[in-house]
Protein chains: 2
Amino acid sequence: MSRDKKTNENNALLQGTLDLLVLKSLSRNGVMHGYGIARFIQQISREALRVEEGSLYPALHRLELEDLILSEWGHGASGRRAKYYRLSPRGRKRLEAEESRWRRMVEAIGLVLEPAEG
Amino acid sequence: MSRDKKTNENNALLQGTLDLLVLKSLSRNGVMHGYGIARFIQQISREALRVEEGSLYPALHRLELEDLILSEWGHGASGRRAKYYRLSPRGRKRLEAEESRWRRMVEAIGLVLEPAEG
DNA sequence: GTGCATTCCAAAGACATTCTAGGTATCATC
DNA sequence: GATGATACCTAGAATGTCTTTGGAATGCAC
C-alpha cells in the first residue's frame, strides 16, 4: 500500500489511546480483523491517526488476554483467511471507562491550556 | 507527607503531554521553579493531573537541553534556594506547535469516538 | 537545638508501550 | 509466475514515565 513514511507525528500523544481506539472501532463496527481496524481508524480520522501494525497486533493480543475482545478465525467476502475480533461484555464496560477517562483527561489539560473561564 | 498514593490513573494518557503542560505553565506564569510547576498543574487541573517529581525533573532537563527553557538559580520570597525556569523564544514557538498538535489529536480521536456529524 | 514536615533537586531502576524492521502466506492480475 | 495489495505475526530497540531513593535547605514546634 505504499505506506508513505512521513514519520508518524502522533506517536507520543497516542500513548494510552490505542486501546480506546481499538475498542471503539469494534464497538462501532461489530466484527473486524486487525488490518481492518487499522484502516478504519486511519480513514475515519481523515488520515490524522495511523496505527502501525507493530503496535496494533501486540495490542490486540493484550486485549484478548484480558478478555476484553474475542477472536475467531474466519473468512471474509474475499475468501481470505483472517482473525476476526469482537467486543466482549467486559470490553464494552472497559470501553465506557476508557472513554470517560479520556474525556476527563482532555478536560483537565484544557484547564491548563485555557485560562479558566467562569 | 501523606501524598495519598491512589495509583496515578493518568500515567499512560499523559504520555507526550508533559512537555506541553510544562511549557504552558511557564507561559502562563512567567518564572517558576520545578516544584511550583508541579503544584500549578495539579491545582489548575483540580487535582486531575499529578506530575511526579521523577517525571518532571528529567523533563525539565530535557527541555533545557533543547533550549526551550532557560534556568537560573535564585531565591524565592522564603529565601530558599531554587532553580527558576522561564520560556525561551524557541520554547514559545514549540509551545504553539505542541498546542495545535494536541488540538489536532483531540479532534482526530473525537472523530473515532463520536459518530461523524454533518 | 532536636525532631519533623515541607520544599526542592536529582539519579537509578523498573516498566509499559510504541516503532522499526523483518518475516510468512493468500489472492488477484497481468 | 511475478507483482502488488491484503492479512497476520514477532523480535528488538527506543522512548518516556513512574517508582524508589536519596540529599539538602528551610521553617516550626517543643
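Predicted model: local features only at pLDDT ≥ 70, side-chain atom pairs only at ≥ 80, totals over all residues.
## Helix 2 of chain A

Helix 2 of chain A covers residues 18–29, and its end C-alpha atoms are 16 Å apart, which agrees with the 16 Å that its twelve residues should span at 1.5 Å a residue. This helix is mostly covered, since nine of its twelve residues are buried; the buried residues are A:Leu18, A:Asp19, A:Leu20, A:Leu21, A:Val22, A:Leu23, A:Lys24, A:Ser25 and A:Leu26. After the helix comes A:Gly30, which has a positive phi, near 85°.

## Packing against helix 3

Two packed helices are described by the angle between their axes and the distance between the axes. The axes of helix 2 and helix 3 (residues 34–44) of chain A come within 10 Å and cross at roughly 95°, and the two helices are therefore roughly perpendicular to each other. Helix 2 of chain A contributes A:Leu21, A:Val22, A:Ser25 and A:Asn29 to this contact, while helix 3 of chain A contributes A:Ile37, A:Phe40 and A:Ile41. Sorted by class, the residues of this contact are five nonpolar and two polar, with no charged ones.

## The contact between the chains

Chain B and chain A each give 25 residues to their contact. On the side of chain B that touches chain A, the elements that give two or more residues are helix 1 (11–14), helix 2 (18–29), helix 3 (34–44) and helix 5 (89–113) of chain B. Helix 5 of chain B supplies the largest share of that side, eleven residues. By class, the side of chain B that touches chain A comprises 15 nonpolar, five polar and five charged residues.

Definitions and conventions: Residues numbered from 1 in each chain as written. Chains lettered and ligands numbered in written order. Axes fitted to C-alpha atoms, helices over the stretch in contact; angles between N-to-C directions. Helix = DSSP H or I, 4+ residues; strand = E, 2+ residues; numbered from the N terminus. Parallel < 35°, antiparallel > 145°, perpendicular 65-115°, else oblique. Contact = placed C-beta atoms within 7 Å. Nonpolar A, V, L, I, M, F, W, Y, C, P; charged D, E, K, R; others polar. Expected span 1.5 Å × (residues − 1). Buried ≥ 20, exposed ≤ 12 C-beta atoms within 10 Å, placed from the backbone.
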